[in-house]
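Open the structure in your viewer and keep the selection panel at hand.

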Amino acid sequence: MHITTFAAIDIGSYEVGMKIFELSSKFGMRQVDFVRHKIELGKDAYVLGKIGCDLTDSLCEVLCDFTKIMKEYQVEAYRACATSAVRESKNIIMLLDQIRIRTGLDVEVLSNSEQRFLRYKSIAYQINNFEKIIQVGTAILDVGGGSIQFSLYDKDKLIVTQNIRLGSLRIREKLAGLQKYTTNIPALVEELIDSDISNLHFHYIKNYTIKNIIVIGDYINHIQSDSSTYFTREEFISSCDNVSHMSTQELAVKLGIPSDEAGLLLASFIIYKRIIEKTKAENVWTPGVKLSDGIAYDYAENNKIIKVKHNFELDIVAAARNIGKRYMNNKEHIDMMEELALKIFDSTIKIHGMGNRERLLLQIAVILHDCGKYISLSSFAECSYNIIMATEIIGLSHLEREIIANAVKFNTTEFAYYDSLAGKFDKQSYLVLEKITAIIRVANALDRSHRQKFKNVKITLKEKELLLTLDTMSNILLEKGLFKEKAEFFEEVFSIKPVIKQKKKFE
């Protein structure tokens, strides 16, 4: 039995941590070490907009120490991820270059949706009955230094996920100048966050019954008096009240922590309390997972070391469907087009060379390709692009969202070639965009009337032709007449000509 030693490095807003894991198919994930160092990168990033030289030096020193520990453990693989503090810094390119040169580590900057998605993976692995819990309304509340993520599952599907840019560190920095005027900081925190929480409830979750809430965050361990990870609603709110009624100085003395850290803890607990009160959740779980757990889980899953407990790709698709539903997409047309596009993809694997991830991007692009019609019928392609780029899709990177948004736009507008898109895409990503766009155009052309004129299509790849045999008695003159333009781009991309053949003739 092979055991892989893996290091997961999390460069957060106020702490840099590394967990060392042993990963095996027999024993799963076993944590063997956890080292961390307090560095408030967010203090510079959220206030100044960039990370200064002193913090850069401190970060590189800590990461150098991490590399020494990795060598001692004979780590075989690692993944280093940075979150919102680095992501929002104007000097991000310089910072990452300094880290690479001085430590030898390549740091990946996660989008918010990627960051939260990794945390959710660690939750699914940590909570044994996760699949059973999310059969009823279950929210995941993830409070970080830079923002709050609220996601809702119901009937094993991800219904909604929303990000509020008010995390514990950001709140502390916003209110720092007001401490000389009042000792009642908890009241100011509540006043600051209540409007966003009310908007979240009104626009996204008021129509759902939330029975369970899973709470994660870097300070949640302070609420546990023992090893229990389950609370009733009353127990959890009572524990929050015990903390939130104190000043930061009182809290620091009681818990034996620095006063600035007490400010972060205080903000986190008030967020927990107010959202749980608003949702009226009955049961609260605090699994105590960190981003590094999700990083390790993701590596083990992708390398087929552990068995997957929950299909997270279905969560990404479910999130896209709910976005489409919000913008009143034509469900029948979407279903037909989705079936066609995926059939074309599966029938042409030998010529396009794309994998499962690109298939997922194609599927999401199809689901969202008409969402802009909710805003404008005349410029819906541009509106669809803007909606997708402005809407977080859990589990997708910013680049993947760009691919989807541009494929949707170019479905009905003139395709832009690489020179004009070079600032957005590298060559590999551009090729994915090109291929997905070509498939979407052909699939859309086959249901141009939005009337679903056929139920079955047989797709056959023959030499230089992609034969699309439609089983229908309907008049498909419109589809045939408008197909040529879409087929030409497909042929340009793949050197294969799509051809429509009608199995049953229209009388």
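Start with two terms: on a 1 Å grid over the protein atoms alone, a cavity is a set of points where a 1.4 Å probe fits but cannot get out, and a pocket is an open set with protein on both sides within 12 Å along at least five of seven lines. Lining residues have an atom within 4 Å of a point. Points are joined across faces, edges and corners, and a volume is the space filled by probe spheres set on them.

This is a predicted model: local features need pLDDT of at least 70, side-chain atom pairs count only at pLDDT 80 or more, and totals for chains, interfaces and linings use all residues. Residues are numbered from 1 along each chain as its sequence is written, and side-chain values use heavy atoms, with hydrogens and water left out.

**Colour by confidence**

pLDDT is the predictor's confidence in each residue, from 0 to 100. The protein chain has a mean of 89, and 96% of its residues reach 70 or more. Select helix α10 (residues 248-255): confidence is lowest here, at a mean of 80. Strand β4 (residues 77-82) is the highest, at 98. Helices (H or I, at least four residues) and strands (E, at least two) are DSSP runs, numbered from the N terminus.

**The cavities**

There are 2 cavities of 30 Å³ or more. The largest share, 4 residues, comes from α5. By class, the lining of the largest cavity has 4 nonpolar, 12 polar and 7 charged residues. Here Ala, Val, Leu, Ile, Met, Phe, Trp, Tyr, Cys and Pro count as nonpolar, Asp, Glu, Lys and Arg as charged, and the others, Gly among them, as polar.

Go on to the second largest cavity, with a volume of about 80 Å³. Its lining includes L158, T161, N322, R326 and E392. β8 (157-164) and α13 (312-326) each give two or more residues. β8 has the largest share, with 5. The classes are 6 nonpolar, 4 polar and 2 charged.

**The largest pocket**

Which residues lie nearest the centre of the largest pocket? Select F117, K121, D298, N302 and R357, from a lining of 21 residues. The volume is about 580 Å³. α5 gives the most to this lining, with 4 residues. The pocket's lining has 6 nonpolar, 5 polar and 10 charged residues.

**Helix α12**

Buried means under 20% relative accessible area, exposed over 50%, partly exposed in between (1.4 Å probe, protein chains only). In α12, 10 of the 12 residues are buried, so the helix is largely enclosed by the rest of the structure. Among them are L291, G294, Y297 and E301. The buried residues pack against β1 (4-11), β2, β3 (28-37), β4 and α5.

**Last stop: H37**

H37 lies in strand β3. At 41% relative accessibility, H37 counts as partly exposed. Show its contacts (heavy atoms within 4.5 Å). Leaving aside neighbours within four places in sequence, H37 touches E15, V16 and V62. H37 and E15 are 22 residues apart in sequence, and 5.8 Å apart in space, C-alpha to C-alpha.
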